[in-house]
Amino acid sequence: MTPRSLQFRLSLWLTVAILAVAAIGAAYSYSSAFDEAIEMQDGELGAIAEFAVRADAAPAAGRAGTGEDADQLRLRVGRISRAGSNLPAELSGLRPDIAPGFHTEALGGTEWRIFVRSAEGERFVVAQPTAIRDDIAHDGAVRAAIPILALVPALLLIVAAIVGRMLGPLRRLAGDVDARPEHDLTPFQTRGLPGEIVPLVEAINRLFHRAGDAMTAQRRFIADAAHE
């Protein structure tokens with residue numbers, strides 16, 4: 001195919017349209033999944049704080065949970081009471097008058113997402129580095145966007161096949177015209193041809209008719225001249 005080919009231009013513009021739509025869809029899926037993952041992690045911080053309040057599970061500063069997962073997630077819990085703060089070392093710079101709710105604070109060179117739950121004059125603190133949260137959200141968002149991007153090659157192949165098939169009648173018509181003997185002016189059949197090609201075929205048939213009339217008139221003139 002050359003750049004002037006109709007099939008090339010159709011395939012090119014359809015490819016551009018598919019890529020644009022896929023990019024927009026993948027970006028939207030990524031953004032939605034990322035925001036949803038962040039909201040879920042905020043909910044987990046709140047749930048941990050609620051558990052700490054109900055079970056009095058944070059008598060001392062430390063990490064939430066045990067094992068390798070807790071180390072990877074770096075969840076930290078502590079409490080602030082009237083007697084003073086009992087916080088992990090990473091959260092030691094947290095201001096004592098922090099209000100209940102969600103906060104994003106930079107402590108010790110690390111940005112933390114913090115949830116504070118107030119109960120019976122104490123405030124329970126649950127925190128996690130935002131970088132870890134963003135990595136988790138990013139992984140989930142990528143998995144949500146991959147299926148859309150994975151469909152793009154298949155769609156491009158389907159578009160190329162459909163465009164080639166739709167232009168098949170035009171190629172066959174060109175082959176029929178090339179195969180015609182020079183004196184064969186029989187009209188082409190328009191039955192079964194796409195509507196967009198029919199006007200072209202009818203114009204070719206009219207041209208054949210005019211050429212036939214001209215050839216008949218020429219033969220008659222030659223015959224009359226020979227008779228004379």
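**Surface, fold and core**

Mentor: This is a predicted model. The accessible surface of the protein chain is about 14700 Å², and carbon and sulfur atoms hold 60% of that area.

Trainee: What share of the residues in the protein chain is buried?
Mentor: The cut-off for buried is under 20% relative accessible area. The protein chain has 228 residues. Its buried share is 30%.

Trainee: What pattern does the protein chain follow along the sequence?
Mentor: Start with the inventory: 5 helices and 6 strands. Read in sequence order, they give α-β-α-β-β-β-β-β-α-α-α.

Trainee: Which element gives the largest share of the largest nonpolar core?
Mentor: That core has 11 residues, among them Ile 80, Leu 87, Trp 112 and Val 125. Two elements give two or more residues to it: strand E5 (110-119) and strand E6 (122-129). The largest share is 3 residues, and it comes from E5.

Trainee: Which residues does Ile 98 touch, not counting those up to four places away in sequence?
Mentor: Ile 98 is one of the core residues, and so are Ile 80 and Val 116. Contact here means heavy atoms within 4.5 Å. The partners of Ile 98 are Ile 80, His 103, Val 116 and Arg 123.

Trainee: Which residue in the turn between E4 and E5 has a positive phi?
Mentor: Strand E4 (residues 101-107) runs antiparallel to E5, with 7 bridges joining them. Ala 106 stands opposite Glu 111 in E5. The two strands form a hairpin with 2 residues between them. The residue with a positive phi, about 60 degrees, is Gly 108.

Trainee: Where in H3 does the kink lie?
Mentor: Helix H3 (residues 130-166) has 37 residues. From first C-alpha to last it reaches 53 Å, close to the expected 54 Å. Its buried residues include Ala 145 and Val 152. The kink is about 35 degrees and comes shortly before the proline Pro 147, at Ile 146.

Trainee: Why does Asn 205 count as buried?
Mentor: Asn 205 sits in helix H5 (residues 198-227). Beyond residues up to four places away in sequence, it touches Pro 187 and Phe 188. Asn 205 counts as buried because its relative accessibility is 14%.

Trainee: Among contacts between residues at least 6 apart in sequence, what share joins residues at least 24 apart?
Mentor: Take the contacts in the protein chain between residues at least 6 apart. Those joining residues at least 24 apart make up 52%.

Definitions and conventions
Residues are numbered from 1 along each chain as its sequence is written. This is a predicted model: local features need pLDDT of at least 70, side-chain atom pairs count only at pLDDT 80 or more; totals for chains, interfaces and linings use all residues. Side-chain values use heavy atoms; hydrogens and water are left out. A nonpolar core is a set of buried Ala, Val, Leu, Ile, Met, Phe, Trp, Tyr and Cys residues joined through side-chain atoms within 4.5 Å. Buried means under 20% relative accessible area, exposed over 50%, partly exposed in between (1.4 Å probe, protein chains only). Helices (H or I, at least four residues) and strands (E, at least two) are DSSP runs, numbered from the N terminus. Accessible areas come from the Shrake-Rupley method with a 1.4 Å probe; for residues, only the protein chains shown count as cover. The expected span of a helix is 1.5 Å times one less than its number of residues. The bend at a residue is the angle between axes fitted to the seven residues ending there and the seven starting there. Two strands pair if DSSP finds at least two bridges between them.
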